[in-house]
Amino acid sequence: MIPTNRRIRKSKKELKDALIDLMETKDFKKITITDIVTFADLNRGTFYKHYQTKEELLNELMDDIMEDLITSFKEPYLHTDTFIIGELTTSTIRIFEHVATYAKFYTIIVNSNVLPGFQNKICAILKQLVQQHLEAVSNHNKNINPDLFASYNAYALFGLIIEWVQSGFKYTSTHMAEQLIEILSYQSNNATINTSHKPDSLVILIN
C-alpha cells in the first residue's frame, strides 16, 4: 500500500503534468477540470480532494517551479561559507538543469501567451536573488548602481534561458552552464572591436 503522503504527491504531480501538457495546445481559460482529470487518468473526486479550482492548481504549479528556481540559483553557494565566482564549476550551476526539468513549462511561457506576465515574474525573482547576492559581496564596485546591476544580470540570465528554449534545447544543460561560466569570466574591457566595416555591419543588423 502506498503511504498517504506519497500518494498525495503522486496525484498532485499527475494533475500538474496533465495541466502542462494541456496548455501546450490549449488556452488555459478553455481548459476544464474534466480535461485535466481525463488527461491525468484520475477522477474528479481526486482533483477536489486537493484543489477547489484549476486556478489553484496552476498557482501551486507555478509556486513549485519558482521555489525550485530559487533553490537552483542558490545552489553554488548553499554549502560554503565563501563563494568565489571565478571558481564556479558546471556541477554547481543547477539553474539550467532546473529549466530542463520544467522544459515543457518554460517552452509554454516563452513561445506563447498562455501565462502573460510570467516572464516578468521570473525576471523579478532573478533580480531579487542577484540583489541578495550583491549585498553579501565585500568587494563590489561602489560606482555601480546595485539595482541596475541586478537588472542587467537577471535579464541577461533569462535571455540565455529564452535563447535556449527557442532553439528547442539544442544544447545540453552542461553546455549552457559552461557558456555561463565563460561569459561571467569574460572581461569585456579587454575586447577589441573592429570598426572598419561599419556599413556592412549596419546592413546585417537592419536586415
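Me: What sits over the ring of Phe28?

Reply: The charged end of Lys54 does, at 4.7 Å from the ring centre. A charge sits over a ring here if NZ of Lys or CZ of Arg is within 6 Å of the ring centre and within 35 degrees of the ring normal.

Me: What kind of model is this?

Reply: A predicted one: local features need pLDDT of at least 70, side-chain atom pairs count only at pLDDT 80 or more, and totals for chains, interfaces and linings use all residues. Residues are numbered from 1 along each chain as its sequence is written, and side-chain values use heavy atoms, with hydrogens and water left out.

Me: OK, rings next. How many aromatic pairs are there?

Reply: The count comes to 6 aromatic pairs. Rings of Phe, Tyr and Trp (its six-membered ring) pair if their centres lie within 6.5 Å; planes under 30 degrees apart are stacked, over 60 edge-to-face, and the rest tilted.

Me: Why does the pair of Phe47 and Tyr51 count the way it does?

Reply: Their ring centres are 5.8 Å apart and the planes meet at 50°, so the pair is tilted. Phe47 and Tyr51 are both buried, meaning under 20% relative accessible area, with exposed over 50% and partly exposed in between (1.4 Å probe, protein chains only).

Me: And Phe96 with Trp164, how are those rings arranged?

Reply: Edge-to-face, with 5.8 Å centre to centre and 80° between the planes. That pair links distant parts of the chain, since Phe96 is in helix 5 (residues 95-101) and Trp164 is in helix 8, 68 residues apart. Phe96 has 0% relative accessibility, so it counts as buried, and Trp164 is buried too, at 2%.

Me: Which residues do ring pairs link into a cluster?

Reply: Phe47, Tyr48 and Tyr51.

Me: Switching to Lys16. Buried or exposed?

Reply: Buried, because its relative accessibility is 10%. Lys16 lies in helix 1 (residues 4-23).

Me: A lysine in there! What does its side chain make a polar contact with?

Reply: The side chain of Asp64, at 2.4 Å. A polar contact is a pair of N or O atoms within 3.5 Å; within protein, one must be able to donate a hydrogen and the other to accept it, and residues adjacent in sequence count only if both atoms are side-chain atoms. Not counting residues up to four places away in sequence, Lys16 touches Tyr51, Leu57, Glu60, Leu61 and Asp64. Contact means heavy atoms within 4.5 Å.

Me: Where is His50, and what is around it?

Reply: His50 is in helix 3 (residues 44-50). Its relative accessibility is 16%, so it counts as buried. Leaving aside neighbours within four places in sequence, the contacts of His50 are Ile8, Ser11, Lys12, Leu15 and Glu56.

Me: What about Leu157, which residues is it in contact with?

Reply: With neighbours within four places in sequence left aside, they are Phe73, Ile95, Phe96, Leu126 and Leu180. Leu157 and Leu180 are 23 residues apart in sequence and 8.4 Å apart in space, C-alpha to C-alpha. Leu157 is found in helix 8 (residues 146-166), and at 10% relative accessibility it counts as buried.

Me: Last one: how many helices and strands in the whole protein?

Reply: It comes to 10 helices and 0 strands. Those are DSSP runs (H or I, at least four residues, for helices; E, at least two, for strands), numbered from the N terminus. Of the 207 residues, 31% count as buried.
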